[in-house]
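Subject: Handover of a structure and summary of findings

Dear colleague,

Please find below the structure that I am handing over to you. A written account of the findings comes after it.

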Amino acid sequence: MIVLDKSGSMSGTKWTNAVAATNYAIDTLNDDDRVGIVLFDSSVYSYNMHEIVAATPDMRSYLKSWLSEKYASSGTNIFSGLRTAFELLGDDEDTLSTFF
């Protein structure tokens, strides 16, 4: 699960670096991995608000394209972003999550 702050304070180089790091993480995924991406500013955004999905080559390409269309703006609502991420992860015991 990748959670990114896309609020206005992330504009410019910070957002560019966050997207580059996320693209790198996406590139390291294997076909049998699962992935979810949640973005937040004053609202919450995800390519799929219902579940994390298999990281197939097509999905990895789609995620990078989806992310390239986003930009930093608005306020910051970190609580809703993290809550959405945890809801997407659910109670899956096979899910390994790292938050930093």
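The following paragraphs describe the overall build first, then the sheet, the helices, and a few individual residues.

This is a predicted model, in which local features need pLDDT of at least 70 and side-chain atom pairs count only at pLDDT 80 or more, while totals for chains, interfaces and linings use all residues. Residues are numbered from 1 along each chain as its sequence is written, and side-chain values use heavy atoms, with hydrogens and water left out.

Overall build

The protein contains three helices and five strands; helices (H or I, at least four residues) and strands (E, at least two) are DSSP runs, numbered from the N terminus. Read from the N terminus, the order of elements is β-α-β-β-β-β-α-α. The radius of gyration is 13 Å, close to the 13 Å that the globule rule gives for 100 residues, so the protein is as compact as a globular protein of that length. The radius is taken over C-alpha atoms, and the rule is 2.2 Å times the number of residues to the power 0.38. Along the principal axes, the C-alpha atoms fill a box of roughly 35 × 25 × 20 Å.

Of the 100 residues, 37% count as buried, where buried means under 20% relative accessible area, exposed over 50%, and partly exposed in between (1.4 Å probe, protein chains only). The accessible surface amounts to about 6000 Å², and 51% of it belongs to carbon and sulfur atoms; these areas come from the Shrake-Rupley method with a 1.4 Å probe, and for residues only the protein chains shown count as cover. Among contacts (heavy atoms within 4.5 Å) between residues at least 6 apart in sequence, 69% join residues at least 24 apart.

The sheet

Three strands form an open sheet in the order β1-β3-β4, with mixed pairing. The edge strands are β1 and β4, each of which pairs on one side only. Neighbouring strands of this sheet are turned by 20 degrees against each other on average, direction ignored. Two strands are said to pair if DSSP finds at least two bridges between them.

Strand β1 (residues 2-5) pairs with β3 in the parallel sense over four bridges. Leu-4 has Leu-39 as its bridge partner in β3, and Asp-5 has Phe-40. A hairpin of three residues joins β3 to β4.

In a regular strand the side chains alternate between the two faces of the sheet. Within β3 (residues 37-40), Ile-37 and Leu-39 point one way and Val-38 and Phe-40 the other way, and all are buried.

Helices against the sheet

Helix α1 lies across β1 and β3, running at about 170 degrees to β1. Helix α3 lies across β1, β3 and β4, at about 165 degrees to β3. For these angles, axes are lines fitted to C-alpha atoms, for helices over the stretch in contact, and angles run from 0 to 180 degrees between N-to-C directions.

Asn-23 belongs to helix α1 (residues 13-27) and counts as buried because its relative accessibility is 19%. Asn-23 touches Lys-64 and Leu-67, not counting residues up to four places away in sequence. Asp-27 also lies in helix α1, but counts as partly exposed at 48% relative accessibility.

An aromatic pair

A search of the whole structure finds one aromatic pair. Tyr-47 and Trp-66 form this pair, which is edge-to-face, at 6.1 Å centre to centre and 80 degrees between the planes. Rings of Phe, Tyr and Trp (its six-membered ring) pair if their centres lie within 6.5 Å; planes under 30 degrees apart count as stacked, over 60 as edge-to-face and the rest as tilted. The pair links distant parts of the chain, 19 residues apart: Tyr-47 is in the loop between β4 and β5 (53-54), and Trp-66 is in helix α2. Tyr-47 counts as buried at 13% relative accessibility, as does Trp-66 at 9%.

A residue with positive phi

Most residues other than glycine have a negative phi. Ser-74 has a positive phi of about 75 degrees although it is not a glycine. Ser-74 is located in the loop between α2 (57-68) and α3 (78-89), and counts as partly exposed at 46% relative accessibility.

With kind regards
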